[in-house]
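Visitor: Could you walk me through this structure, one question at a time?

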Amino acid sequence: MNFIHPQFSLALPEMILLGMISIILIADLFISDKGRVVTYLMTQATLVLAAIATAAVMGADVALSFNGHFIIDPLASLTKLFIYLVSMVAFAYSRSYLIERDMYRGEYFVLGLTAVLGMMVLASAHSLLTLYLGLELLSLSLYAMVGLRRDSSQAAEAAMKYFVLGAMASAMLLYGMSMIYGATGTLNLWEIRDAVAEGSGHSLVLIFGLVFLMVGVAFKLGAAPFHMWVPDVYHGAPTSVTLFLSSAPKLAAFVLMIRLLVDALPALASAWSDMLVIIAVLSIVLGNVIAIAQLNIKRMLAYSGISHIGFLLLGVLSATPEGYAAAFYYAIVYAIMSLGGFAMVLVMSRQGFEADELSDYAGLNERSPIIALMMLFIMFSMAGVPPLLGFWAKLAVIQAIVAVEYYQLAVLAVLFSVVGAFYYLRVIRIIYFDKPTERRELKPANDLKVIFIANAMLVLLLGLFPESLMNLCQSAFIY
Amino acid sequence: MFSDMENLTLAIVLAPLLGSALAGLMSDTLGRKGAHRVTITGVAVSLFLSLYLFNHLVFAGGATINQSVYTWLVSDGIRFEVGFLVDRLTVLMMVVVTFVSLMVHIYTIGYMADDAHNWPQESLAGRNSYQRFFSYISLFTFSMLMLVMANNFLQLFFGWEAVGLVSYLLIGFWSVRESAIYANLKAFLVNRVGDFGFLLGIAAVLMYFNSLDYVTVFENAHLHKDVMVEVIPGSAWSLMTLICILLFIGAMGKSAQFPLHIWLPDSMEGPTPISALIHAATMVTAGIFMVARVSPLYELSETALSFIMVIGAITALFMGFLGLVQNDIKRVVAYSTLSQLGYMTVALGASAYAAGIFHLMTHAFFKALLFLAAGSVIIAMHHDQDMRNMGGLRKYLPITWITSLIGSLALIGAPGFAGFFSKDLIIEAVGQSQLPGSGFAYAAVLAGVFITALYSFRMYFLVFHGKERMDEHTRHHLHETPWVVTLPLILLAIPSVVIGYLMVDELAFGSFFAGSIEVAKSHDVLAVLGANFYGAFAMILHGLLTAPFWLAAAGVATAYVLYMRATWIPAMLAERFSWLHQLLLNKYHMDSLAAGIFGSGSRWLGMGLWRFGDTMVIDGWMVNGSARSVGWVASVLRHIQSGYLFHYAFTMILGLLGLFLYFIV
Amino acid sequence: MISFAQTLFYLFSAIIIFAALRVVTVRNPIHAALYLVLTFFTTAALWILLEAEFLAITLVLVYVGAVMVLFLFVIMMLDIDLAVMREGFVRSLPVAGLVALVMLAIMVMVVGPQHFGMALYPAVTPHAADYSNTRELGRLLYTVYLYPFEIAAVILLVAIVAAIALTLRQRKDSRYQQVELQVAVERNDRLRIVSMPAEEPRP
């Protein structure tokens, strides 16, 4: 294997992030608890810098570096930009929650940033090795973040489950990768693609490896039947971590899936498309049905997340560029809605009160009409009520599968989104029509409130003007 | 002045919207004065900009403006856009709409001044009703401008529905009155029937042309000329006929053509200013405008044109009869509006689109004038609308009297007045038409002239001349209405007199509408008439010799005899021909027919479907049943989530195994 | 004819399988850990057969020398109730065993000789005696695999941060030295000279 001198400048965003992580790690040692806002601001500044760097290296062309381990293409750059955005919002949401719960420490932000770095590595990965390492970097940071609240046994249990099951999934993914490597003799995604196209590797071996890859990817996305960790971890983790966990990493997992299935194994499209049909159907059905029985809003949102992932997979399984774009759009839309959904819990909670039971929301409209209205937007959007954002996302993926004539699947998706509407509307009913159990005025921190309203309005505005975001997503899949 | 036409057109549309939003949302802050000031300013801005555009397009020879302002979404390559197509047809409509709207705005200050009395003391809706009214009529102006300025069918539909909505709101403006609520519901439902056809028509356009853009559709229209479609298996229809008739069904609803006319007389429950603006001058003419706009399609279907002509002729004649027996001053004007809309429709059917639009314009002025004059009478009579209680009002309301007379003369087509030119043109155009049904239509519109003169002057004599039949108290308080009421009357009276004389040459025979209205060579009746046209004055002279003039004169004379001299004759006739009188009073039983068959029938059907379909099948089995079963499944499934780590891990392994068994073995 | 190397391969492979099975089946966790050590050792031996000396030695040093010893410490310090652990094992054994068997069958089918046999993957020619596996590995790591190598380093950093963040507790009630205060202390802080009369004054 010949060594080509790498073009380091392409990895500028990653380098900036790593450098800043090191700086924050050291600087935080000298920052007292009172001055922690400096750490917070440095974290946000890091993401802004990374965004600038990403925009600078972004180009319409595809560029490889580091001997084919690293790629810059529109998908990578766009995903990174959205990851920064979502992460910034997630950090901003968490600040007051962390302060109230004695978790406002440098490690939170450092681990958050390493998770972002992991996602960036994933987004730009162009070999099985970098994919795996990026995923591990992301996962490890997330495991730690889930368990960061040390005085909570629930959080510890969640972290433990997440870690053990995650390790299993990683092992399976790695085993699958080894099969693909064994069959094709290369780690580079495009070389794998070419090798498979030339017929190297028995199809049985490839499919065997593919199944393992699929398990790993489905686990990371939280798709049924590899979803069992999702409700427990979302429920047990501190809400601010859940919020982060449910948004940006889904984008990264989406790219992981695209890289593995579309970039490396397009020749096996008929096989992975069928697998995704099974996984998507299970996710949509199980997610929507079980969510109905949930009384805890974090668990309800977890199951709703599983069903959303099912919808996202519909786009991928169509195996067309339009479908991938629709799935990408869905991933971004879901990240935005999920931020809003868990932010509802943050807005309602206060010191010593987590506000994660549905009954805590009774009569919210009487306590704060504006926040109630914003929640209505978010819930309607998740249910897919036009013209809110969630509707366009569902429409896009359903159009994608109709275009490849999976009519039964489309009917099923529509039916179960109706079933899903039930539990979203139940939240609305509780907010608007139930008698409030407490009348204390709702006083979320100002930054929290402003971002929450902006988040919900974004759901409305992007819903009214869906074109630009959709075009952006399509631009990532023009081959 | 305006280099950027996009901003100009946007400003025309948005100025009334802004006024409406301010008056509606900040009614408490602005107060009554503030509300009418902002809305009038908004409409005035629109009017002046429209006039500027008119000058730019008509006199300065500016090019047609066609631009998309905003792309709402793109689906399957079809663009859904907001955009403006401003050509001479549009700009004419814009000037008419904004001018009449401005007059009505000013008039409303006087008409609604005492609106607080129309509401019960405790009514919440009565608070700020004045400001709300201004907000609504400005919103209407915005909607109407969106409709006429659209450059695609989608926006046309938006405007179409938006004016319908505002009309609904305004007919039921006095929401504490039972009859007003019934009337606006009726208007809404009847329009829904029309809109259904309209929407189907647009859908058919979209399906076959793959575009909603006017220009694209019109350019490709000839490609679909001979396409046949099978709507009902076994019978092939021409696509163009289908589209045109469906679109026209929409126009029948909006422009109140037989048999969807039944909502318009009832809409008089609304305050008079909106009767003038919406139900006489502008909204009801939207259907006429639409057909003219889409003329490139209509020219391809003679069947549709014949259909239109016959429907219009029926409306023109038979609705006129009904005007003869009404005693409510506003209803007489309403039936006359129906009849005049019939005339316009006939013109469209005869491919004399320009004549139809010409009549639309003149009618907008003189009918708004008549309505506002009626309103002025109503104000003076303390909101008594029964003509049997009036008479001899000319002494008390001199300005109203004169302007009413002008309006009536314009309406009956007295030579020289605005209505004369447009109506004569229509009648002669129908006479030239070779389409099936044109013979009937010609007879109907000729007879209509007599009827029009009869009911118009019946009203005029009953109100302004003869014995003073009001009670002593009312007579004591009779005086001319304030200047905000009379000023619009005067301003509207001017065009009612001169506009026909000024415009007939250019509008009907010139190339005014070149590029916006298309007429097939074989249909071009106006071109035939144009060959014998030697100027407006010659037309007046010639008009004195033709049948319509003598018919109108006969109508006026008959009215004079029946209602001034031999006042016993009408009562005698009513008694002698009581079946006819009853038929007319019952409006040919159209209302009871609609209420009986469609109203009760659909209610009965609805009840049945509700009992069986909704309550039993959908609610009982599907909704509640599925909700119950989903709930049950959910409560069972949630137990899978046991919380044990090894269960979770095992599930994953089972999932893996499942995929293996499915894909490998 | 089976060569010497092949004999060794089969021998070590057999030990690996046996030891790995024992790891999950023996009752005593200490024994299980020791079997795991045995597994690692024999795996290292296999790698040496593949001329991957550096990896083999690293495996022994890191996994056996460090990780497993740590494991043993942890196991010895924890009080594990063996009876409870066995209970679930016996109950789940039938289902789990069935699943494992099916899985094994599939894997044998796929990873068997017809897909990964010598015909498809011929043995590589042995390197010369002066070939340094360590040097080659190092060369690759710092050139072609530079980027993954750096990421691996970051992962280790995260592991350290995470471990500290999750376990380091600063108890609020703990008392520990403050060296700077100790150094900065002055005589007057500790010692107060009080002048008092030698005898108590008589009242």
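Visitor: How many helices and strands are there in chain B?
Guide: Helices (H or I, at least four residues) and strands (E, at least two) are DSSP runs, numbered from the N terminus. By that count, chain B has 27 helices and 4 strands.

Visitor: What should I know about the model before we go on?
Guide: It's a predicted model, where local features need pLDDT of at least 70, side-chain atom pairs count only at pLDDT 80 or more, and totals for chains, interfaces and linings use all residues. Residues are numbered from 1 along each chain as its sequence is written, while chains are lettered from A and ligands numbered from 1 in the order in which they are written.

Visitor: Where in chain B is confidence lowest, and where is it highest?
Guide: The score here is pLDDT, the predictor's confidence in each residue, from 0 to 100. Chain B averages 82, and 97% of the residues score at least 70. Confidence is lowest in helix 26 (residues 590-637) of chain B, with a mean of 72, and highest, at 89, in helix 4 (residues 129-149) of chain B.

Visitor: What share of the residues in chain B is buried?
Guide: A residue is buried if 20 or more other C-beta atoms lie within 10 Å of its own, exposed if 12 or fewer, and partly exposed in between, with C-beta atoms placed from the backbone. Chain B has 665 residues, and the buried share is 52%.

Visitor: At what angle do helix 15 and helix 20 of chain B cross?
Guide: Axes are lines fitted to C-alpha atoms, for helices over the stretch in contact, and angles run from 0 to 180 degrees between N-to-C directions. The axes of helix 15 (residues 353-380) and helix 20 (residues 483-509) of chain B come within 9 Å and cross at roughly 165°.

Visitor: Which label does that make for helix 15 and helix 20 of chain B?
Guide: Angles under 35 degrees count as roughly parallel, over 145 as roughly antiparallel, 65 to 115 as roughly perpendicular and the rest as oblique. So helix 15 of chain B is, relative to helix 20 of chain B, roughly antiparallel.

Visitor: Over in chain A, how do helix 13 and helix 14 lie to each other?
Guide: The axes of helix 13 (residues 297-317) and helix 14 (residues 321-348) of chain A come within 8 Å and cross at roughly 170°. Helix 13 and helix 14 of chain A are therefore roughly antiparallel.

Visitor: How many residues of the contact of helix 13 with helix 14 of chain A are charged?
Guide: Ala, Val, Leu, Ile, Met, Phe, Trp, Tyr, Cys and Pro count as nonpolar, Asp, Glu, Lys and Arg as charged, and the others, Gly among them, as polar. Among the residues that meet are A:Leu301 in helix 13 and A:Tyr330 in helix 14 of chain A. The contact has 13 nonpolar and 6 polar residues, and the charged count is 1.

Visitor: How many residues does the contact take from chain A and from chain B?
Guide: Two residues are in contact if their C-beta atoms, placed from the backbone, lie within 7 Å. The contact takes 28 residues from chain A and, from chain B, 24 residues.

Visitor: How does the side of chain A that touches chain B divide by class?
Guide: Elements giving two or more residues to this side include helix 6 (153-184) and helix 18 (407-433) of chain A. The residues divide into 25 nonpolar, no polar and 3 charged.

Visitor: And what share of chain C is buried?
Guide: Chain C comes to 9 helices and 0 strands. Of its 203 residues, the buried ones make up 9%.
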